[in-house]
Each structure stands twice: as C-alpha cells, then as structure tokens.
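Q: Please go through this structure term by term. For each term, set the value against its cut-off.

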Amino acid sequence: MQRTAKMASHAASRVCLRSMSSSAAAAPAGSFTAAKPVLNAKYNNLPTHIDPNRPVQDKLLFTPGPLTTSYSVKQALTTDLGSRDVAFQQVIRDVRSGLLDVAGVSAAEYTTVPVQGSGTFAIEATLCSVIDRKKGVLVIANGAYGLRQTAILKAHKIPFVLYECADYEAPDLAKLEQLLQTTAKDVSHVSFVHSETTSGIVNDVHALGALAHRMGKRVIVDAMSSFGAYPIDFKKAHLDYLISSANKCIEGVPGFAFVIARKSSLEEAKGNSSSLALDLYGQCAGLDGNGQFRFTPPTHPLIAFAQALRELKIEGGVDARARRYKANQQTLMKGLARLGFQLYLPAEQQGYIISSYHWPKDKNWNFERFYSALNDKSFVIYPGKVSNADCFRIGHIGRIFPEDTERLVQAIEEVCKEMKTAAFAPPSAKL
Ligand SMILES: Cc1ncc(COP(=O)(O)O)c(C=O)c1O
C-alpha cells in the first residue's frame, strides 16, 4: 500500500528514459523505448525500482547481492540479441570502455575483461592466471571472502602466504611490511579484499596497495562490493587487477563479473593459467581479437549492465552513488540505534556498503521469525557471516533510497513489537 502511494507521488515526474540518457542512441534497436520509469527527483531523476504497471512491486533487497535493480535495468533484460550480432558487440565494447571510465583509468594502460559467472569466477580467473607459480601470493584476509581466495589457491595448487586478521580488525601495515620482508619476500603478488562484505569493514585500498607496490609486488584487489560506490584511485593504490561483478554497486543483474587489469601486467599471464574457461589472458585475447566471448556470453545481463552504466552516469557517477548509499546507511544507523540495536563493528571501521548488527540479548528474539516477518512485509535482509557473534546484516547498496530504508526501519519496529522484543540489552562481550 505504501509503495502505491509512493508511485503516485512520483507520477508527475515520469519521463521516457530515452530522453534522459545521452548515450541511449547507442542502445540496441527496440531495447528501451517502452520504459517509462518512475524517477526520483531528489537523486538527479534516477529511475527507481518501481514498475508503474505492476499492481504488486518486487520485494526490496537489503542484501549483499543480487540487489534491487531499477525498473529500466530490468526492462533492458527483455532484449534478445545473438552473440555475434554487431549490436551486441557494441554492447560489449560500451561495457568494457564504460567500466574504464568508472575506474578513471585510460584504455592505453588498462583493459576490462568480463568473465561469465558470479564474482568468485572472476577472482578464480585472476588468481589461477596471473600468479607466478614459482613465487606465489600473499593473501590478506579479514573475513570470509579473503579466506575464499586461499581456497581457490589450494584448488589450483598455487603457493600462498596468509596474513589473517579478525573480521573486525584492519590489517596492520607494519605487520604486512614485515611479512613482505620475511615469510612472503618472494611472492609475486599481494591480494586483498577492499570492502569485506562478511562484516562490512572497509580496508584501506590505497595504503595496502601502495605498500605492496613499494615492496615490488603486483596488486590484486577484490572490490566486489565497493567498485562503483567507493572512490578508488588506481594510481594511488597501484592496482594491477581490480575485480568486481555486475550485480553489486553498478546495479546490474547477476551473470558476469569483470576484471580491470593493467595491460602490461596481464601480458605476463600469457600461457600461465591452470584453467581453460577461466584463463584471464585468453578471455581478453578472445575479446580483443574478434570482439566476441570465447564461450556463450551472458547477453541479457550485459545489455542490462549497459543500461545500469548509463544510470550511474545519470545519478552523477561514483561520488553521487556514494552519497546515496551513505544516506541509506546513516538512515539505518540512526533508526536501529533508536530501537536499541548494536552495530558489530566500531563506527570508524563501518563502511557504507553493508552493516552487521548483533542479535539482541532478549528471550523473545528469534532471527528466523524476524527474517520471515520482514520478508512477508517485502523487506529482505540477510543472515550474519561473522565468525564469533550472532548477527544479521543489512545492505545499503542497489536501487534503494533513504526513504526505502526509513520504511525498513518502521517495519523492523513493527516486527519487534509483534515479537515482543522491545527491550534490547546490549550484548555483554562484543568481540
Ligand atoms: C567481497 C566479496 N568477494 C567475493 C564475493 C563473491 O561473489 P559471488 O558470490 O558473486 O561469487 C562477494 C559476494 O558477495 C563479496 O562480497
């Protein structure tokens, strides 16, 4: 009901997306003409997730991904294009160059390599293709996604040194330097996660990258949940490879991930991969050669992603997206603090991608009931993933706005009243 009211309030500002987007003319014929998205005037007339023609709207995904997407991105999925169609090859070119623009790097120095599959596929493609097997890699991990890199390396029998920190702790630069002077002095690469979606902690990509570079190492960063919403200076961080995926902060749909690679570094990976399908150099050479994927391409997700890139531009780029996500996070933080919930991370470590909250210490608390009741009200949250505390997570990314987050807070309050979980004693031992 509330959504219907919101739809009506936006109705006056509806315009055709084609007239909004300067690059829409490059879109495949017939793709986007019927879209009349509801626009959010407060955010540069950014198309919202609302489909004005549907009586019942999608649930809102406050998760780490897949995420809520705009109506117009969803509509772009209705276009069928053959994998060899020149219009599709243009989509591939637009996506590859559009991602370099988002990254703020030049096509002379960097290239984008899309990889079919989820984010993990692109991480595996990078690790199994670029590491010098005689030297290995130093992995910094302060969460499950850092540790997943070590599982990939084990599967490919690639040597590694692990620098593991607690999931609420930033890696220590002095310790990293010491490792690179001793146990890990011979590694060819250093690899780490930027925004650790496990807890929501955001690592200092610039400091870690610069140190690894100063110690003569190539730098790999998993920026899966941050690229497009956190400003990342490739020069300052000395990045050789940045990995992210379609269904995170660019706000596309699942189906592929991508690696933004320094061309001169990727050259070193020629013939080095222990996988055929995930050979990063091979994938890039294929795309550069005839403009096509080597194996069946994710046509629909790529077409939708081209639209998502246009909408990132409409919003005002990475800085504007960062402002909206921060506003989502601030809205949640204020609302849940009022209800007595406690953040898992210390405020200074808390990023604006996803927040982990402690379960309240209350006899009536039941996470499954909480989750299902919110789900019934069309708000999807996520279980916790940290190792030493019972938590739930709420994401701030995707096509959601502070107004949506405000409604989530209201729903949480209602559910807590229904569960009679009103008194939130803060957890005694936090970490
Ligand atoms: C930081 C990070 N790395 C890797 C992944 C794995 O991506 P996927 O689940 O798409 O394979 C995720 C997923 O959320 C992530 O947040």
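**Helices that cross**

A: Start with helix α12 (residues 299-315) and helix α13 (residues 317-339). Their axes come within 7 Å and cross at roughly 80 degrees. Angles from 65 to 115 degrees count as roughly perpendicular, under 35 as roughly parallel, over 145 as roughly antiparallel, and the rest as oblique. Therefore α12 is roughly perpendicular to α13.

Q: What kind of model is this, and how are residues numbered?
A: This is a predicted model: local features need pLDDT of at least 70, side-chain atom pairs count only at pLDDT 80 or more, and totals for chains, interfaces and linings use all residues. Residues are numbered from 1 along each chain as its sequence is written.

Q: What makes a stretch a helix or a strand, and what is an axis?
A: Both are DSSP runs, numbered from the N terminus: a helix is H or I with at least four residues, a strand is E with at least two. An axis is a line fitted to C-alpha atoms, for helices over the stretch in contact, and angles run from 0 to 180 degrees between N-to-C directions.

Q: Which residues of α12 and α13 meet?
A: L312, K313 and E315 in α12 meet G317, A320 and R321 in α13. Two residues are in contact if their C-beta atoms, placed from the backbone, lie within 7 Å. By class, the contact of α12 with α13 has 2 nonpolar, 1 polar and 3 charged residues. Here Ala, Val, Leu, Ile, Met, Phe, Trp, Tyr, Cys and Pro count as nonpolar, Asp, Glu, Lys and Arg as charged, and the others, Gly among them, as polar.

Q: Why is α5 called oblique to α6?
A: The axes of helix α5 (residues 119-130) and helix α6 (residues 144-155) come within 10 Å and cross at roughly 55 degrees. That value makes α5 oblique to α6.

Q: Is the crossing of α5 and α6 left-handed or right-handed?
A: The crossing is right-handed. A crossing is right-handed if the near helix is turned clockwise from the far one by less than a right angle, and left-handed if anticlockwise.

Q: Which residues of α5 and α6 meet?
A: From α5 come T120, I123, E124 and L127; from α6 come R148, Q149, I152 and L153. This contact has 4 nonpolar, 2 polar and 2 charged residues.

Q: How do α5 and α11 pack?
A: α5 and helix α11 (residues 280-290) pack at about 105 degrees, with axes 8 Å apart. They are therefore roughly perpendicular to each other. A125, T126, S129 and V130 in α5 meet L280, Y281 and Q283 in α11. That contact divides into 4 nonpolar, 3 polar and no charged residues.

Q: What makes two strands a pair?
A: DSSP must find at least two bridges between them. β15 (382-383) and strand β16 (residues 391-395) are joined by 2 bridges and run antiparallel. Y382 stands opposite R393 in β16.

Q: Why are β4 and β6 said to stand at the edges?
A: The open sheet of 7 strands has the order β4-β12-β11-β10-β7-β5-β6, with mixed pairing. β4 (110-116) and β6 (160-164) each have a single partner strand, so one side of each is left without a neighbour in the sheet. The twist averages 20 degrees from one strand to the next.

Q: How many bridges pair β4 with β12?
A: β4 and strand β12 (residues 256-262) pair over 7 bridges, in the antiparallel sense. P114 stands opposite F258 in β12.

Q: Which residues are around the ligand?
A: They are P64, G65, S118, G119, T120, Y145, V193, T197, D222, M224, S225 and S245. A residue counts as near a molecule if its C-beta atom, placed from the backbone, lies within 6 Å of it. This shell has 4 nonpolar, 7 polar and 1 charged residues.

Q: What makes the backbone at P66 and N45 worth a look?
A: Most residues other than glycine have a negative phi, and most peptide bonds are trans. G65 and P66 are joined by a cis peptide bond, with omega about 0 degrees. N45 has a positive phi, near 55 degrees. N45 is in the loop between β1 (39-40) and β2 (46-47).
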